[in-house]
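Subject: Structure for your review

Dear colleague,

Please find the structure below, with the sequence alongside. My notes on what was found in it follow.

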Amino acid sequence: MKLNFSGLESSAPLYGGSNELLCDGFSAAPSFDLPVTSDFDGFQKNSIQMVKPAKGTTTLAFIFKEGVMVAADSRASMGGYISSQSVKKIIEINPYMLGTMAGGAADCQFWHRNLGIKCRLHELANKRRISVTGASKLLANILYSYRGMGLSVGTMIAGWDEKGPGLYYVDSEGGRLKGTKFSVGSGSPYAYGVLDSGYKYDLTVDEAAELARRAIYHATFRDGASGGVASVYHVGPNGWTKLSGDDVGELHYSYYPVEPAVVEQEMTEAVAA
Amino acid sequence: MSIFEYNGSALVAMVGKNCFAIASDRRLGVQLQTIATDFQRIFKIHDKLFLGLSGLGSDAQTLHQRLVFRHKLYQLREERDMKPETFASLVSAMLYEKRFGPYFVQPVIAGLGEDDKPFICTMDSIGAKELAKDFVVAGTASESLYGACESMFKPDMDHEELFETISQALVSSIDRDCLSGWGGHVYIVTPTEVTERILKGRMD
């Protein structure tokens with residue numbers, strides 16, 4: 001039985017009309033040879049299960065007066081085992097756009113780099129930078145065409161373009177949402193709690209950075225699958241800068257220092273009579 | 001995730017020169033969410049006998065209550081404390097009674113027996129005893145703990161060196177486990193005194 005691969009031919013298959021960008025031969029979506037197997041559905045199911053446990057992470061991003069604040073933890077977990085405490089979850093697509101990683105590490109790294117290539121080609125072809133709207137749409141369309149194949153990507157694209165700060169949430173189910181505040185991953189409920197109670201549009205860069213750092217810290221405290229280092233990045237009109245990378249273990253003791261215990265009764269040597 | 005990994009736990013016991021140490025983590029979670037950071041997993045049965053229970057928190061607490069009851073009855077009848085070897089056999093028998101509907105726990109028993117000779121043992125959830133001369137481990141971080149203890153353990157350590165060793169082994173192992181951690185709890189028991197210490201650990 002010959003499987004129908006027409007959905008995989010190009011990265012914008014849905015509307016039929018050809019996109020100039022894809023006809024130039026450089027930026028067609030990479031095509032992957034599918035494995036030769038008698039049970040393709042079973043293979044798909046297994047490959048989805050293999051990546052499934054991996055959305056153990058906390059990432060967040062929000063827009064405020066001075067731009068976009070992006071923060072993430074750095075733990076990679078496989079079920080209960082911590083495989084790394086030093087994973088870079090904020091991916092630098094280009095000097096003015098950041099992407100966050102949640103889900104399969106390989107999927108996020110590969111497709112973000114692919115997006116960076118496409119953005120650069122857009123710049124060369126159109127003599128101006130691509131907008132955050134456009135970049136997120138490119139990624140969303142690629143992920144939609146691989147829908148059901150087992151990719152696991154929950155990412156936020158944050159950047160500053162001509163319209164000002166931009167933030168989009170894009171995932172491997174094909175969803176794409178524009179918004180001002182997002183958190184993705186198993187630690188996101190805890191991060192949302194802190195973020196929602198402290199958020200104001202008029203925060204300064206330092207206040208917003210502290211809010212983002214605190215939100216990641218609280219998520220790493222409560223969520224078992226988040227931890228390591230809380231990295232905070234700021235995207236401003238001149239591009240992104242990394243503001244801080246604090247070890248969450250040390251952050252705990254700086255927020256909640258250990259009080260010396262009050263000694264109620266102390267034993268001393270009895271004086272020999 | 002299996003039922004043994006539902007709450008998350010890490011336990012280790014080590015033998016030293018005329019002393020022993022037993023240590024646990026302090027986290028109680030519901031799968032990935034952390035509920036408490038001061039959960040008690042090591043229980044004193046009498047001054048020279050400690051019991052650690054890893055695995056499902058509810059079964060750990062229930063089994064501890066039942067064992068305290070049996071030990072109190074023993075004390076009333078025999079007018080003395082139970083020896084660690086006897087206690088281990090009691091735990092093993094109680095676990096096997098529930099062979100076809102077991103308690104989801106892995107106990108670690110540590111005590112000073114006759115002539116204050118240290119005794120440690122662990123069991124699986126249906127009572128298979130494993131006696132060891134050096135160290136025993138249990139919990140979700142057990143594989144990391146085996147590696148850490150194997151490399152850090154030396155025979156006949158005194159109680160201060162034993163404390164350092166067991167603390168380092170525990171902390172380095174739970175730092176590689178999502179489901180255990182958030183501090184450590186160490187008991188060092190010698191023939192004359194019991195020292196209880198809380199370890200400052202990574203709270204992530």
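For a chain of 204 residues, a compact globule would have a radius of gyration near 17 Å, and chain B agrees with this, having 16 Å. Please bear in mind that this is a predicted model. The C-alpha trace of chain B spans about 45 × 40 × 25 Å along its principal axes.

Chain B overall

Chain B contains four helices and twelve strands. Of its 204 residues, 54% are buried. Among contacts in chain B with a separation of 6 or more, 61% are between residues 24 or more positions apart. The accessible surface of this chain is about 9100 Å², and carbon and sulfur atoms account for 49% of that surface. As to charge, chain B carries 22 positive and 28 negative side chains, with the centres of the two sets 4 Å apart.

Helix H2 of chain B

Helix H2 of chain B runs over residues 84–97. Its 14 residues reach 20 Å from the first C-alpha to the last, close to the 20 Å expected at 1.5 Å a residue. Buried residues of this helix include B:Phe87, B:Leu90, B:Val91, B:Met94 and B:Leu95. In general, an α-helix has 3.6 residues a turn, so residues three or four places apart point the same way. The partners of the buried residues of H2(B) are helix H1 (57–78) and the strands S5 (42–46), S6 (49–55), S7 (105–112), S8 (118–123) and S9 (129–132) of chain B.

B:Phe20

Strand S2 of chain B, residues 20–25, holds B:Phe20. This residue counts as buried because its relative accessibility is 0%, and the cut-off for buried is under 20%. By contrast, B:Ile126 lies 25 Å from B:Phe20, C-alpha to C-alpha, and 106 residues from it in sequence.

Two aspartates with positive phi

Most residues other than glycine have a negative phi. B:Asp115 is not a glycine, yet its phi is positive, about 55 degrees. This aspartate sits in the loop between S7 and S8 of chain B. With a relative accessible area of 74%, B:Asp115 is exposed. B:Asp156 also is not a glycine and has a positive phi, of about 60 degrees. Its place is the loop between helix H3 (142–152) and helix H4 (159–174) of chain B. B:Asp156 counts as exposed, at 54% relative accessibility.

Chain A

Chain A has seven helices and twelve strands. Buried residues account for 47% of its 273 residues. Of the contacts in chain A with a separation of 6 or more, 64% join residues 24 or more positions apart. The chain exposes about 14600 Å², 54% of which is supplied by carbon and sulfur atoms.

Helix H3 of chain A (residues 105–126) has 22 residues, which should span 32 Å at 1.5 Å a residue; the end C-alpha atoms are 31 Å apart, in agreement. Its buried residues include A:Trp111, A:His112, A:Leu115, A:Cys119 and A:His122. A:Lys127 follows H3(A) and has a positive phi, near 55 degrees.

With kind regards

Conventions
Residues are numbered from 1 along each chain as its sequence is written. Chains are lettered from A and ligands numbered from 1 in the order in which they are written. This is a predicted model: local features need pLDDT of at least 70, side-chain atom pairs count only at pLDDT 80 or more; totals for chains, interfaces and linings use all residues. Side-chain values use heavy atoms; hydrogens and water are left out. The expected span of a helix is 1.5 Å times one less than its number of residues. Buried means under 20% relative accessible area, exposed over 50%, partly exposed in between (1.4 Å probe, protein chains only). Contact means heavy atoms within 4.5 Å. The radius of gyration is taken over C-alpha atoms; the globule rule is 2.2 Å times the number of residues to the power 0.38. Accessible areas come from the Shrake-Rupley method with a 1.4 Å probe; for residues, only the protein chains shown count as cover. Lys and Arg count as positive and Asp and Glu as negative; His and the chain ends are not counted. The place of a charge is taken as NZ of Lys, CZ of Arg, CG of Asp or CD of Glu.
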